[in-house]
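I opened a notebook page for this structure. The entries follow the order in which I looked things up.

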Amino acid sequence: INLIMKTKFKLIIILAVLIIHIFLMTGLSMIKHYNLLSDFDLSQNERIVHNSINGDFFYFDIDNSEHLGIHVNLIYIFIFPFYFLFPKTMLLFFLQSLSFAIGAFFIYKICQKKKFQFYQSLIITILYLFSANNFFVNLEEFHPVVFAVPFLIMSIYFSFSKNIKFMILAMIGFILVKENMVFTLFFIGIYFLIMKRKRLFVITSTIAIIYFIILISFFPSSYLSFLNERYSFENKPFLDLKLMTDETHLNYFSSIIISTAIISLLNPLSIVGIPIFFQNYLSNEGFQHCFLGHHSIVLFSILFISLIFALKKTQKYNKTIFKISFILFIFCLIIFNIKAYGLTKEINNYQNTIFSNCIINERSGSNLLLIFKLKDNINYIQEFNNIPKDKKLLLGSMTASYFSNYKEIANINIDYNKEKNYYDYIILSQDVFKGYFPILKELYPGLTENILEENKKIIIYST
């Protein structure tokens, strides 16, 4: 009875931590959204889900593209039924937070599998769940890559639990998230080979190779467009040594070292992160050099599991070394989080926080905007809600994320040369409205410059 009560008590504590995380992150994501801080990625991903359940399968009408030709996020298929029943942005935020919670639960299970004491498992789980990386990506719009996190961790857990069927299911879920996950899965197979688990190597490699053949056979443009966009030779030479050793690249590499106190790199599992590391490190796009962003969230999870395995080996070798390593890891992660949350750096008069974009890219925001400015922005949300869903809207990259479930919307940066009065509403931030005002005035003569003098953050114009 005592054993059962202790086990239940431990489970209740873990579940309480996970539930707090889910509601906290979903709530903060909604507050951020209501503060008009959402942007194009949210509108893109939600619009694809909306269009799919309404007959336009994986079609992104804002830029008139077939999404599967850009990214193969087949995991969306499992989201469609939920969004059909509850077509709200909050659902995507909830599922994103839930994904991290499920991942954290299996982090805890891995710790228990490795026979860590409960308090040690709890500390590791909390540090993972509320790390700057997970916190940032939770609030960084919505990206389907977050669903790779629980599938990755479950794949590792079930492989060590010798539950091959569930491992295979988790691996299939993992590669369905995005086209580049297949390379990570192949390296999981290499890890199994290093660990002399040949059967798992064969299973994992077979799944990876078969899916890669399917991808290049049916969705070759997803790789070609990605390579052309992120690894082009134009302007920024590929594999340029000077560029690869600039501040942003070095910050990216140092973040990997600091976040897990280099301990994770001492375990063979860390090699699984090689594909994602080089995909980001060699990219011409600066935002991929941010270790906090969604591009690196799977890499962070790999390093965290590798850290757990490395700590366990030190525990077997010497308990004193284990204690030192454990304390060093906690200290380094706290230091990394302090830097990542922006408590040590100020740019453009704003204290950088996890709620803004990556501080390495010199973009700043403020937690004051997130929490205390809500009352100034909620009126815009109420105005948005008053616009009938059957109206045709001309939007900007930011405002598009607030009308993803409307019948017909267009992005002014791509499509504004329509005939007069084609759109029922023009909804743009004031800066964008000012930039396009001369063009819009030709299309809609009723527009006057008075509309720009109202000093509103968002301008809503009914044609």
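I took helices (H or I, at least four residues) and strands (E, at least two) as DSSP runs, numbered from the N terminus. On that basis I find 19 helices and 8 strands in the protein.

Source notes. I am working on a predicted model, in which local features need pLDDT of at least 70, side-chain atom pairs count only at pLDDT 80 or more, and totals for chains, interfaces and linings use all residues. Residues are numbered from 1 along each chain as its sequence is written, and side-chain values use heavy atoms, with hydrogens and water left out.

Overall values. I looked up burial, where buried means under 20% relative accessible area, exposed over 50% and partly exposed in between, with a 1.4 Å probe and protein chains only. Of the 463 residues in the protein, 54% are buried. For contacts I used heavy atoms within 4.5 Å. Among contacts in the protein with a separation of 6 or more, 69% come from residues 24 or more positions apart.

Sheet. I counted two strands as paired if DSSP finds at least two bridges between them. I looked up an open sheet of 4 strands and read its order as β6-β5-β7-β8, with mixed pairing. Strands β6 (408–411) and β8 (458–462) are at the edges with a single partner strand each, so one side of each has no neighbour in the sheet. Direction ignored, neighbouring strands of this sheet are turned by 20° against each other on average. Within the sheet, β5 (residues 392–395) pairs with β7 (residues 425–429) in the parallel sense over 3 bridges. Leu-394 is opposite Ile-426 in β7. I then noted helix α19 (residues 430–443), which packs on the sheet and touches β5, β7 and β8. The direction of α19 makes about 130° with that of β7; axes are lines fitted to C-alpha atoms, for helices over the stretch in contact, and angles run from 0 to 180 degrees between N-to-C directions.

Aromatic pairs. I paired rings of Phe, Tyr and Trp (its six-membered ring) if their centres lie within 6.5 Å, with planes under 30 degrees apart counted as stacked, over 60 as edge-to-face and the rest as tilted. The whole structure holds 35 aromatic pairs. One that I checked is Tyr-252 with Phe-291, edge-to-face at 6.0 Å centre to centre and 80° between the planes. Tyr-252 is in helix α13 (residues 247–259), and Phe-291 is in the loop between α14 (274–281) and α15 (297–317), 39 residues apart. Tyr-252 counts as buried because its relative accessibility is 0%. Phe-291, at 1%, also counts as buried.
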